[in-house]
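Welcome, and thanks for taking a look at this one with me. Please have the sequence and the model open side by side as you read.

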Amino acid sequence: MGQITRKQRDTYVRAGGNACPYCGSRSMTSEIVQYDRLSGEIDIDVECMKCKKQWIDIFTLSNILDRHGRE
(Lines give C-alpha, C1' and ligand atoms only; values in the text may rest on other atoms or scores of the structure.)
Protein backbone atom coordinates (compact mmCIF):
# COMPACT_ATOMS: atom_id res chain seq x y z
CA MET A 1 0.00 0.00 0.00
CA GLY A 2 1.24 3.50 -0.79
CA GLN A 3 1.50 6.20 1.85
CA ILE A 4 -1.47 8.51 1.96
CA THR A 5 -1.34 12.12 3.14
CA ARG A 6 -3.70 13.49 5.76
CA LYS A 7 -5.19 15.81 3.09
CA GLN A 8 -5.84 12.89 0.70
CA ARG A 9 -7.44 10.88 3.51
CA ASP A 10 -9.63 13.75 4.70
CA THR A 11 -10.78 14.56 1.14
CA TYR A 12 -11.55 10.89 0.45
CA VAL A 13 -13.59 10.49 3.64
CA ARG A 14 -15.51 13.78 3.16
CA ALA A 15 -16.42 12.71 -0.39
CA GLY A 16 -17.74 9.37 0.89
CA GLY A 17 -15.00 7.25 -0.65
CA ASN A 18 -16.32 7.75 -4.18
CA ALA A 19 -12.96 8.25 -5.92
CA CYS A 20 -9.40 7.05 -5.50
CA PRO A 21 -7.56 9.28 -2.98
CA TYR A 22 -4.39 9.01 -5.11
CA CYS A 23 -5.52 9.62 -8.71
CA GLY A 24 -9.24 10.51 -8.47
CA SER A 25 -10.47 7.57 -10.57
CA ARG A 26 -13.90 6.16 -9.75
CA SER A 27 -12.87 2.71 -11.00
CA MET A 28 -12.20 0.74 -7.82
CA THR A 29 -12.70 -2.78 -6.55
CA SER A 30 -13.27 -3.78 -2.95
CA GLU A 31 -13.59 -6.82 -0.72
CA ILE A 32 -14.68 -7.16 2.91
CA VAL A 33 -11.75 -8.71 4.76
CA GLN A 34 -12.71 -8.40 8.42
CA TYR A 35 -15.77 -7.74 10.56
CA ASP A 36 -15.25 -7.08 14.27
CA ARG A 37 -18.63 -7.46 15.92
CA LEU A 38 -17.40 -6.13 19.26
CA SER A 39 -16.15 -2.81 17.84
CA GLY A 40 -18.71 -2.70 15.02
CA GLU A 41 -15.95 -2.10 12.47
CA ILE A 42 -15.77 -3.55 8.98
CA ASP A 43 -12.42 -3.40 7.17
CA ILE A 44 -12.56 -3.38 3.38
CA ASP A 45 -9.55 -3.78 1.07
CA VAL A 46 -9.86 -1.34 -1.83
CA GLU A 47 -7.80 -1.15 -5.04
CA CYS A 48 -7.90 1.51 -7.74
CA MET A 49 -8.14 -0.10 -11.17
CA LYS A 50 -6.37 2.88 -12.79
CA CYS A 51 -3.29 3.55 -10.63
CA LYS A 52 -3.28 0.17 -8.82
CA LYS A 53 -2.85 1.78 -5.37
CA GLN A 54 -4.41 -0.10 -2.46
CA TRP A 55 -5.83 1.02 0.90
CA ILE A 56 -8.24 -0.10 3.62
CA ASP A 57 -11.64 1.54 4.18
CA ILE A 58 -12.91 1.27 7.77
CA PHE A 59 -16.66 1.39 8.36
CA THR A 60 -18.44 1.67 11.72
CA LEU A 61 -22.07 1.19 12.67
CA SER A 62 -23.95 4.51 12.47
CA ASN A 63 -27.63 3.53 12.54
CA ILE A 64 -30.08 0.62 12.27
CA LEU A 65 -33.34 0.17 10.39
CA ASP A 66 -36.15 -2.34 10.85
CA ARG A 67 -36.38 -5.23 8.41
CA HIS A 68 -38.48 -3.06 6.06
CA GLY A 69 -35.82 -0.36 5.87
CA ARG A 70 -37.55 2.10 8.20
CA GLU A 71 -36.21 3.85 11.28
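## An isoleucine to start from

Ile56 is partly exposed, at a relative accessible area of 41%; the cut-offs behind that word are under 20% for buried and over 50% for exposed. Please keep in mind that the model is predicted.

Where does Ile56 sit? Its place is in strand β3, and the residue standing opposite Ile56 is Asp45. Another isoleucine, Ile42, lies 14 residues away from Ile56 in sequence, and the two C-alpha atoms are 9.9 Å apart in space.

## The sheet around it

Let us step back to the sheet. It is open and made of three strands, in the order β1-β2-β3, with antiparallel pairing. Strands β1 (28-36) and β3 (54-60) are at the edges; each has a single partner strand, so one side of each lacks a neighbour in the sheet. On average, neighbouring strands here are turned by 25° against each other, with direction ignored. As a reminder, the strands of a sheet pair through backbone hydrogen bonds, in either a parallel or an antiparallel way.

How many bridges join each pair? Between β1 and β2 there are eight, in the antiparallel sense. Strand β2, covering residues 41-48, pairs with β3 over seven bridges, also in the antiparallel sense.

## The turn between β1 and β2

The hairpin of β1 and β2 has four residues between the strands. Among the details to look for here is Gly40, which takes a positive phi near 75°.

## Two cysteines

Now for the cysteines. How many disulfides does a search of the whole structure find? The number is zero. A disulfide is a covalent bond between the sulfur atoms of two cysteines.

Cys23 is in no disulfide, and its nearest cysteine sulfur belongs to Cys48, 3.6 Å away. Likewise, Cys48 is in no disulfide, with the sulfur of Cys23 as the nearest one, at 3.6 Å.

Cys48 has 0% relative accessibility, so Cys48 counts as buried.

Conventions: Residues are numbered from 1 along each chain as its sequence is written. This is a predicted model: local features need pLDDT of at least 70, side-chain atom pairs count only at pLDDT 80 or more; totals for chains, interfaces and linings use all residues. Side-chain values use heavy atoms; hydrogens and water are left out. Two strands pair if DSSP finds at least two bridges between them. Helices (H or I, at least four residues) and strands (E, at least two) are DSSP runs, numbered from the N terminus. Axes are lines fitted to C-alpha atoms, for helices over the stretch in contact, and angles run from 0 to 180 degrees between N-to-C directions. A disulfide is a pair of cysteine sulfur atoms within 2.5 Å. Buried means under 20% relative accessible area, exposed over 50%, partly exposed in between (1.4 Å probe, protein chains only).
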